[in-house]
Amino acid sequence: MKITCSSYDLKLKHTFTIARSSRDISPVVIVELEHEGIVGYGEAAPTRRYGETIETVMGFLKGLNLSSFESPFQLETILEYVERLAPGNTSAKAAIDIALHDWIGKKLNVPLFRYWGLDREKAPITSFTIGIDSPEIIAQKVEEAKEYPILKIKLGGSNDEEIMKTIRKATDKTLRVDANEGWKTREIALKKIQWLEQEGVEFVEQPMPADDLEGTAWVHERVKLPLIADENSLRLHDIPKLQGAFDGINIKLMKCTGLREALRMAATARACNMKIMTGCMIESSVAISAAAQFSPLIDYADLDGAALTINDPFDGVVIVGGKLVLPDRPGIGAVKKM
Ligand code: MG
């Protein structure tokens, strides 16, 4: 097995601002895992919130030694080795996980969704994310998102009311709100969510800081809108303790180390009677297409990461009228653009 990795700068259509950060370029690492003439693609989209950068991803991947493994079919054993190598590094681990899954699908000549027995017609509609911005830019973004029936609105900054007013003036679409931990006290979070209950919002993602689970549970008892955990739902072992504070979890490959753990998280969330959402970072069609493969299993999708960029180096899952359309190609279904 030969692994090569290269960094790539995804350029964003608009400056992307959420409660804690703002950027125009989002660097990722593309991994190619070659074995027996077949190349499996993987991707890491590191975020500082989880302690990763392009440098840490490259360092982790260069430290891998897969020479004792015979084939990607040893996925479980390989990923146990990758997990034990160092704590954290979840997006770097996800890149290897995705590449292994892609390779296996290609070797068996079957798309992953079919390998897992999933019906691609059940792939959900994905929301389109509107970052924090001035009213003029927000109005423009709502216009650009006209093919998407569901919008995800980033709040948690200093102008939540102004943003909602601008959006509601432009559209009556279903809205989902993501505060990215931006409401710092339980009183503020409660007030904001009670206000959003009047604004046609479907659910609220991560209203409060991840380290205040008790505060979130206090708010949860007092509001009608479902709460979805994102920064509180990183990996499999996080899920049981979220009961009572959240109604669902957001699974992201870059937080949970990839498809192997994502499927286990989905099963665990169901066992805890929780809703499941799948989200993404700013990612190319490699990681987005990988996440889309298990999307027929979940309730809500937020897989617009590649759609927010202007130089995606891959073709993969496409979005038609907001719906994720999985290509009939083996593995994750992503092919390099010529
Ligand atoms: Mg989120």
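Biologist: Why is Asn180 called buried in this predicted model?

Modeller: Buried means under 20% relative accessible area. Asn180 has a relative accessible area of 5%, so Asn180 counts as buried. Asn180 sits in the loop between S6 and H7.

Biologist: Is Asn273 buried or exposed, and how do you know?

Modeller: A residue is called exposed when its relative accessible area is over 50%. Asn273 has 72%, so Asn273 is exposed.

Biologist: Let us turn to the metal. Which residues are the protein donors of the magnesium ion, and what makes them donors?

Modeller: Donors are N, O and S atoms, and for this metal the cut-off is 2.8 Å. Asp178 (OD), Glu205 (OE) and Asp230 (OD) lie 2.1 to 2.3 Å from the magnesium ion, and they are its protein donors. Their spacing in sequence is D-x26-E-x24-D.

Biologist: Why can you say that Glu205 and Asp230 tie parts of the chain together?

Modeller: Glu205 belongs to strand S7 (residues 201–205), while Asp230 is in the loop between strand S8 (227–229) and strand S9 (248–251), so the pair links parts that are 25 residues apart in sequence.

Biologist: How do you know whether Glu205 and Asp230 are buried or exposed?

Modeller: The test for buried is again under 20%. Glu205 has a relative accessible area of 0%, so Glu205 is buried. Asp230 also has 0% relative accessibility and therefore counts as buried.

Biologist: Which residues of helix H7 are buried?

Modeller: In H7 (residues 186–196), they are Ala189, Leu190, Lys192, Ile193 and Leu196. An α-helix has 3.6 residues a turn, so residues three or four places apart point the same way.

Biologist: What do the buried residues of H7 pack against?

Modeller: They pack against helix H6 (160–170), strand S6 (174–178), S7, helix H8 (213–222) and S8.

Biologist: Why does Asp304 count as buried?

Modeller: Its relative accessibility is 2%, and the limit is under 20%, so Asp304 is buried. Asp304 lies in the loop between strand S11 (300–301) and S12.

Biologist: Which residues does Asp304 touch?

Modeller: Leaving out residues up to four places away in sequence, Asp304 touches Thr126, Ser127, Phe128, Thr129 and Cys280. Contact here means heavy atoms within 4.5 Å.

Biologist: How is the chain divided into domains?

Modeller: The domain assignment gives domain 1 (2–109) and domain 2 (114–336). Their centres, taken over C-alpha atoms, are 22 Å apart. The contact takes 44 residues from domain 1 and 51 residues from domain 2.

Biologist: How do you know that the second largest pocket lies between the domains?

Modeller: Both domain 1 and domain 2 give residues to the lining of this pocket, so it lies between them. The second largest pocket has a volume of about 460 Å³. Its lining has 29 residues, and Lys13, Tyr148, Ala306, Ala307 and Leu308 lie nearest its centre. S1 gives the most to this lining, with 4 residues. By type, the lining divides into 15 nonpolar, 7 polar and 7 charged residues.

Biologist: And what can you say about the largest pocket?

Modeller: The largest pocket holds about 600 Å³ of space. Of the 32 residues that line it, Ser21, Arg23, Pro46, Thr47 and Arg48 are the closest to its centre. Strand S2 (22–35), helix H1 (54–62) and strand S5 (150–154) are the elements that give two or more residues to the lining. The largest share, 4 residues, comes from S2. Domain 1 and domain 2 each supply at least three residues of the lining.

Technical notes: Residues numbered from 1 in each chain as written. Predicted model: local features only at pLDDT ≥ 70, side-chain atom pairs only at ≥ 80, totals over all residues. Heavy atoms only, no water. 1 Å grid on protein atoms, 1.4 Å probe; cavity = no way out; pocket = protein on both sides within 12 Å on 5 of 7 lines; lining within 4 Å. Points joined across faces, edges and corners; volume = space filled by probe spheres on them. Domains from an automatic or database assignment. Nonpolar A, V, L, I, M, F, W, Y, C, P; charged D, E, K, R; others polar. Donors = N, O, S within 2.8 Å, 3.2 Å for Na, K, Ca; no water. Buried < 20%, exposed > 50% of the residue type's maximum accessible area, 1.4 Å probe, protein only.
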